[in-house]
Amino acid sequence: MLRLRAICPFSWRMFQFRPFSFEPLISQMTKSTGEEQIFDLIEKNKAILTEEQVGCAFSMLWQFQRQKISLLKNVEYIREHPQFLTLQDLATTKMEFMNDTTLVNVLYITQQFGIKAHDPLIEALVTEAWRRLERFDINVLSKFSSCLVDQHLYFSPLMGEIADIVNRNLEGIQDLRSLSVLMVSISSLISQRFQEQLVNKTELLFDTIDPSQVNTARRIVQFLRNIKYSYYPLLERCNQVFLSNMNHLDLDFISKILSLYHSLQFYSFQFFLMAKKRLTEMIPLFDHPANFVKLLVALGPLAGPQEKDRLKSTILLMSEELTSQQALAVMEAMEEMESRNSHLIKNYLKVSIVPSEIALLVCALSMLPSPHLDEARISQIEAVLPQCDLSDLNDFATSVLRCIQYDHTYLDSTPGKQLKLLQKLDYHGRQRLQKCNDLNLLWKEVKSLKGDWFAHSLLEETVVTLQRLMDEINYINVAGIASFISRSNYLSTSLLDRIASVVVQQIEKIHPFAILGVILPFCALNYDPPQRDEFFGTCIQHLNSHLSKLDPIMLVFLGSSLATIEYFPENLLKAIFNIKFLAKLDSQLELLCSSLNMKVQFRLMELNRAVCLECPEYQIPWFHERFCQQYNKDTGSMNGAQQQIYKMLAEVLGGINFVKASVLTPYYYTIGFECILDKRKNPLPYGSHNLTLGKLPKIHSESNTQIAGSRLPPGAEKIALEFLDSRAFCRNTPHLKGKSAMKKRHLEILGYHVIQIPHFEWNSMALSTKGARMDYLRERIFGAGKSDRCFY
């Protein structure tokens, strides 16, 4: 017998412990009704527990815990229970004999109970799992990868091995639930080619999942966010899963999806509408700060005025109970809600050490009625500058500039130190751009940058860096890069030509939702690429079969943008100008903040006006009369430059009765100045103005049913004089932008001869005297040789 034990120790162990206790003990565990019964069984049987029974005990304890309303309710009690410590010891000694599923399940459950990564049991379980890695099936591998994520081992060699296993076996994987877990886990260290393969595989397997598998869909969206790829076909399919299960989604889930959508710049009106309704119903359910903060962050940007008031009043009552992280989240949400409260900022800035947090808090501080950065805050910012990305640097600079602008104390040297801080911000920003050698990393940092500091200090350097890396522009990032260029107002023909080339060559890989971003810089900056017709024709053709799927707001912006460059696709216009579409748009506008709401309405008006003027054959009616009347009811006052030009025009034309200011044309264009010349180029007088300088005269308007020139004497013409400030031109070159070019085109259709006076000509050294400016106006109005003209 002893010899047998020596030869077959494992078989002897099996013989000794299993025959009598295995089945009955497992059965007793599964029939238990609480943790104490499990602990009693562990205490009575610890000498004979097998690896299966140990695994079952862990599973039952976690099952009981998951059934509780709050997972934190008694985690600490379980974790510190003597028999749980006994169970951990047993797991340490028996893990070698556990099967793969049990091994990884024990690792997962111990982590859920808050056992730290440096605990000997966790380390031993991870080591044993690593040893078996190649033989794990897809389900076990996915669960193990999520355990590593919980330990923040995103870039570890072990996670790299998991990624390699997934790559080698991708073709044979058929379980999308497990694959989605792995995709999220390995997303930080895989190549772009592997990312594309995973996206393609996900598309192939998507129809195999049950429509109720919202967590699988969530992980797919999370993967796309992690790899910064707004792949609309998958986003749309996941969105449909969320919509069909909205009534079962909780606050945590909805909050997560809204955050992911925001990061991906994916807009689903239907999801937002249903999420708003669901979250509004939850307002009375949460009175704990942690949960209410999460609710405010999710619902705040979507809420209407009444819901916003309820949220703000409730969070103020909780303000003293908020942690610094919660206060930070609330301030971000209130910025999106177009609201802020100084009470939430008090004292939180002092304890933060994370650059992005400090940047947000400094931004909030700079928006207070009396913004001021003291030396302590300046030192705090300077300390984190080497860690800052371009977004953090921009936030700091914007805040510092705001404080300098409003700081009227000047009682110490703080303003000087603020200026020195701006110089340091410039230096760190330029250094970061010059060292950048990855377009996708650069895009991550610059995609949301705006403000005076970036425009004046770093924009040109950023464009130079983009030009240096423009060979990396592809179908994935092309829409984002194009949108950035349109926002920057910086005309780089080489970048735009590259964008047009990529779009023409890879149009089938570009989702229709991305077309708006692609065409924006060409429309906004009024630039035609070498293959103009092929480029725009390709984009429009790609849109046609997807018009019914596009968001109403996106359609309006598409139509308005294309109109600026004289493109009027009939299918697009039919999709917009119908009662059903406009009713849907109206309901969507209710979700938008007031500024964006007005912007969308104004864009629709511009499109309506452009179609009426340039495409009368479509017979689309002009239905923005009332909107334009409300929009133009307050004309304000003339600025200094306008007053100066008005007086000079009166002299040039022969008197104040020969010129009108602030003329409202048919279809509600506002003209800076207007005059009429007869067929011999002599000015014709208007009626009495009774104008007081600094105030505009009563608005002069024409009937919208007639073209402006239709009532003129034979041979006479109306002249529109427009003073163009810097907003009418590209930032880096005197190239007329799309909106100004379209206005000139439309005024000519309305019967005007249009004279545009660029600010850089009017303010040039050549026109530094009144006489030179008078001659300039005479030449522009009457033509060469007319500067000595006599007036009656």
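Select Gly 751 to start: just after α36, this glycine takes a positive phi of about 100°. Helices here are DSSP runs of H or I with at least four residues, strands are DSSP runs of E with at least two, and both are numbered from the N terminus.

Before going on, note that this is a predicted model, in which local features need pLDDT of at least 70, side-chain atom pairs count only at pLDDT 80 or more, and totals for chains, interfaces and linings use all residues. Residues are numbered from 1 along each chain as its sequence is written, and side-chain values use heavy atoms, with hydrogens and water left out.

**Helix α36**

Now select residues 738–749, which make up helix α36. Its 12 residues should span 16 Å at 1.5 Å a residue, and the end C-alpha atoms are 17 Å apart, which agrees. The expected span is 1.5 Å times one less than the number of residues. Colour the buried residues of α36: Gly 738, Ser 740, Ala 741, Met 742, Lys 743, Arg 745, His 746 and Leu 747. Buried means under 20% relative accessible area, exposed means over 50%, and partly exposed is in between, with a 1.4 Å probe and protein chains only.

Is Thr 564 buried or exposed? Thr 564 has a relative accessible area of 4%, so it is buried. Beyond its neighbours within four places in sequence, Thr 564 is in contact (heavy atoms within 4.5 Å) with Cys 523, Gly 738, Lys 739, Met 742 and Arg 745. Of these, Gly 738, Met 742 and Arg 745 are among the buried residues of α36. Draw a distance from the side chain of Thr 564 to the backbone oxygen of Ser 561: a polar atom of that side chain lies 2.5 Å away.

**The strands**

Next select β5, residues 717–724; six of its eight residues are buried, so the strand is largely enclosed by the rest of the structure. Two strands pair if DSSP finds at least two bridges between them. On one pairing, β2 (residues 670–677) is joined to β5 by five bridges, and the two run antiparallel. On another, β5 and β6 (residues 752–758) run parallel and are joined by seven bridges. There, Ala 720 has Val 754 in β6 as its bridge partner. Follow the chain from β5 through α36 to β6: this β-α-β crossover is right-handed. Right-handed means that, with the strands pointing away from the viewer, the path from the first strand over the helix to the second runs clockwise.

Move on to β1, residues 660–664. Five of its five residues are buried, so β1 is largely enclosed by the rest of the structure. Four bridges join β1 to β2, in antiparallel order, and Val 663 has Ile 671 in β2 as bridge partner. The two strands form a hairpin with five residues between them, and in the turn Tyr 667 has a positive phi of about 65°.

**Helix α7**

Jump to residues 100–112, helix α7, where 13 residues should span 18 Å at 1.5 Å a residue and the end C-alpha atoms are 19 Å apart, which agrees. How many of its residues are buried? The count is 10 of 13, and α7 is mostly covered. Asp 100, Leu 103, Val 106 and Gln 111 are among them. They pack against α4 (51–66), α6 (82–94), α8 (120–131) and α9 (138–150). At the N-terminal end, Asn 99 caps α7, with a side-chain oxygen 3.2 Å from the backbone nitrogen of Thr 101. Just after the helix, Gly 114 takes a positive phi of about 85°.

**Asn 474**

For the last stop, select Asn 474, in the loop between α25 (452–468) and α26 (478–488). Its relative accessibility is 13%, so Asn 474 counts as buried. Leaving aside neighbours within four places in sequence, Asn 474 is in contact with Gln 192, Val 502 and Gln 506. Its C-alpha atom is 9.8 Å from that of Gln 505, 31 residues apart along the chain.

**The whole chain**

Zoom out: the protein chain has 38 helices and six strands. Of its 792 residues, 53% count as buried.

How values were computed
Polar contact = N/O pair within 3.5 Å; in protein donor to acceptor, adjacent residues only side chain to side chain.
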